[in-house]
Amino acid sequence: LKYSHLHNKKQRKLKINIITNYIRQFNINYSKFINKLFNNNIKINRKILVNIAMSENCTMNSLIKILN
């Protein structure tokens, strides 16, 4: 159980870092980005956001433009 918790924590941190590195080019920090998603009622979890950021740049760029 303890190992599982640490593994999940590392995975969550890695996902946040990937998302942060992608959105940084748009001068947005992670907390503001997640807040804008929440305020616009866009429900996408970190796993999906990472997949979009890594493989579908156009989609991620469109999402960021919608939020701004």
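**Terms and values**

Author: N27 is found in the loop that lies between α1 and α2. In this predicted model, local features need pLDDT of at least 70, side-chain atom pairs count only at pLDDT 80 or more, and totals for chains, interfaces and linings use all residues. Residues are numbered from 1 along each chain as its sequence is written, and side-chain values use heavy atoms, with hydrogens and water left out.

Reader: Why is N27 called exposed?

Author: The relative accessibility of N27 is 74%. Exposed means over 50% relative accessible area, buried under 20%, and partly exposed in between (1.4 Å probe, protein chains only). The value of 74% is over 50%, and N27 therefore counts as exposed.

Reader: Where is N41 placed, and what makes N41 count as exposed?

Author: N41 belongs to the loop between α2 and α3. With a relative accessibility of 56%, over the limit for exposed residues, N41 is therefore exposed. N41 follows α2, and its phi of about 55° is positive although the residue is not a glycine.

Reader: How many helices and strands does the protein have?

Author: There are 4 helices and 0 strands, where helices (H or I, at least four residues) and strands (E, at least two) are DSSP runs, numbered from the N terminus. Read from the N terminus, the order is α-α-α-α. Along the principal axes, the C-alpha atoms fill a box of roughly 40 × 25 × 20 Å. Of the 68 residues, 24% are buried.

Reader: At what angle do α2 and α4 pack, and how far apart are their axes?

Author: Helix α2 (residues 30-39) packs against helix α4 (residues 57-67) at about 75°, and their axes are 10 Å apart. The axes are lines fitted to C-alpha atoms, for helices over the stretch in contact, and angles run from 0 to 180 degrees between N-to-C directions. Under 35 degrees counts as roughly parallel, over 145 as roughly antiparallel, 65 to 115 as roughly perpendicular and the rest as oblique. The angle of about 75° falls in the range from 65 to 115, which means that α2 is roughly perpendicular to α4.

Reader: Which residues make the contact of α2 with α4, and how are they classed?

Author: F33, K36 and L37 of α2 meet M60, L63, I64 and L67 of α4, contact being heavy atoms within 4.5 Å. The classes are 6 nonpolar, no polar and 1 charged residues. Here Ala, Val, Leu, Ile, Met, Phe, Trp, Tyr, Cys and Pro are nonpolar, Asp, Glu, Lys and Arg charged, and the others, Gly among them, polar.

Reader: How do you know on which side of α2 the buried residues Y30, F33 and L37 lie?

Author: The buried residues of α2 are Y30, F33 and L37. They cover an arc of only 65° around the axis, so they lie on the same side of α2; the arc is that of the directions from the helix axis to the C-beta atoms. The face turned away from them carries the exposed residues K32, F38 and N39.

Reader: What makes the buried residues of α4 line one face?

Author: In α4, M60, L63, I64 and L67 are buried. Seen down the axis, these residues fall within an arc of 95°, so one face of the helix is lined by them. The exposed residues C58, K65 and I66 are on the other side of α4.

Reader: Which residues have the most contacts inside the largest nonpolar core?

Author: They are I19, I23, F33, L49, M60 and I64, in a core of 15 residues. A nonpolar core is a set of buried Ala, Val, Leu, Ile, Met, Phe, Trp, Tyr and Cys residues joined through side-chain atoms within 4.5 Å. Helices α1 (2-23), α2, α3 (46-55) and α4 each supply at least two of the core residues.
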